Amino acid sequence: MPQRLLRRTALRAAMGAALGSGTLPAPASSQGLPARPVTVIVPYSAGSPPDIVARLLAEGLARRTGQPHVVDNRTGASGNIGTAAVARAAPDGTTLLVQTNTLAMNASLFRSLPYDPVTSFAPIVELATAGFGLLVHASVGRSVGDLLARAKASPGGLDYGSPGIGTPHHLAMELFRQQAGIELAHVPYRNLAGAVTDLLAGRVVAMFVSAGAAQGLAGENRVRLVAVASPARLPTFPEVPTLAELGLPATDMSGWYGLFAPAATPPETVARLNAAANEVLASPEIAAALSGQGITPVGGAPDRLRTLVAADTARWAEVVRTAGIVPE
């Protein structure tokens, strides 16, 4: 199930096409960047969406800078182990971090962290975004309105699933629930596969999933994608309305991927990394490799990512507080 949901085989083929096509631009000058190999730490498992994004980026950066870029998967503690390693690393441009919006969420989910999501890192660039969609079991109905009606008729009587407490899937549903004014019971699982299995069986009736996971379930008649939680409709599901179109608050629950260096990394190093990363993200081959997972390259200036992290840290702190989630 996880392999099918993530479409790893197809995506790895796309990666091979993107990275081996020979159509990427020639390496840019690495003047001002250290000549040593660069380690790109991903605090999640190999084959996960952040890992896929990081490997595409690392290959592109290696081509443009002439430096080897090695992806290092340091998993554990909801991403905190790998993230803390980068916070402690020398600020010389040789250790980078690819993180998701979990970075902002963890600030409220743990009583103590060995880093600060805003001050412990030098943001380089927002790499990409991934849309989230609301799936409901067919027994609930065919629309968000059907889910709301059932929930209001039986407060707390409907169960929703997630891959675990504090995951983006969990917090997205909590934000939706708070804004829609309904009560739903949370059933946390150990992983996404377990939650999806029970959704298909009707043991839970709703959950938020990434667009990539939703694509993997598109042919299932037992579940329906009834809305997307993004500012606009997703290219992968142009027929599915946004929550705002359905009269609910215009909330963006999209996941993001960012590239960071340790705090105190020299501004000139950050600027050169930002320029090289933006070149990689502008490649049509990279966009094609990511689009099958519902992931869209973004790019931009470092301050864009800095603002995003600060705003998300505050936003999810309020969601956690209102939901009564107790930090670990």
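Predicted model: local features only at pLDDT ≥ 70, side-chain atom pairs only at ≥ 80, totals over all residues.
Residues are numbered from 1 along each chain as its sequence is written, and side-chain values use heavy atoms, with hydrogens and water left out.

Let's start inside. A nonpolar core here is a set of buried Ala, Val, Leu, Ile, Met, Phe, Trp, Tyr and Cys residues joined through side-chain atoms within 4.5 Å. Buried means under 20% relative accessible area, exposed over 50%, and partly exposed in between, with a 1.4 Å probe and protein chains only. The largest nonpolar core has 48 residues, and Leu134, Phe176 and Phe208 touch the most other members. Which helix gives the most to this core? That is helix 7, residues 168–180, with six residues.

Now have a look at Phe176. Contact means heavy atoms within 4.5 Å. Beyond its neighbours within four places in sequence, Phe176 is in contact with residues including Leu134, Val144, Ile182, Phe208 and Met253. Its relative accessibility is 3%, so Phe176 counts as buried; Phe208, at 0%, counts as buried too.

Those two rings also meet each other. Rings of Phe, Tyr and Trp (its six-membered ring) pair if their centres lie within 6.5 Å; planes under 30 degrees apart are stacked, over 60 edge-to-face, and the rest tilted. The whole structure has three aromatic pairs. Phe176 and Phe208 make an edge-to-face pair, at 5.9 Å centre to centre and 70° between the planes. Because Phe176 sits in helix 7 and Phe208 in strand 8 (residues 206–210), the pair ties together parts that are 32 residues apart in sequence. Elsewhere, Tyr115, Phe121 and Phe260 form one aromatic cluster.

Six strands form an open, mixed sheet in the order 2-1-3-10-4-11. Strand 2 (69–73) and strand 11 (295–297) are the edges, each pairing on one side only; strands pair if DSSP finds at least two bridges between them. On average, neighbouring strands are turned by 30° against each other, direction ignored. Axes are lines fitted to C-alpha atoms, for helices over the stretch in contact, and angles run from 0 to 180 degrees between N-to-C directions. Strand 3 (residues 95–100) and strand 10 (residues 255–262) pair in the antiparallel sense over four bridges, and Val98 has Leu259 as its bridge partner in strand 10. Helix 4 (residues 80–88) packs on the sheet, its direction making about 145° with that of strand 3. Helix 12 (residues 302–323) lies across strand 4 and strand 10, at about 80° to strand 4.

Ser78 is not a glycine, yet it has a positive phi of about 55°; Ser78 belongs to the loop between strand 2 and helix 4. Ala264, in the loop between strand 10 and helix 10 (267–281), has a positive phi near 75°. Is Ala264 buried or exposed? Exposed, with a relative accessible area of 68%, whereas Ser78 is partly exposed at 45%.

How values were computed
Helix = DSSP H or I, 4+ residues; strand = E, 2+ residues; numbered from the N terminus.
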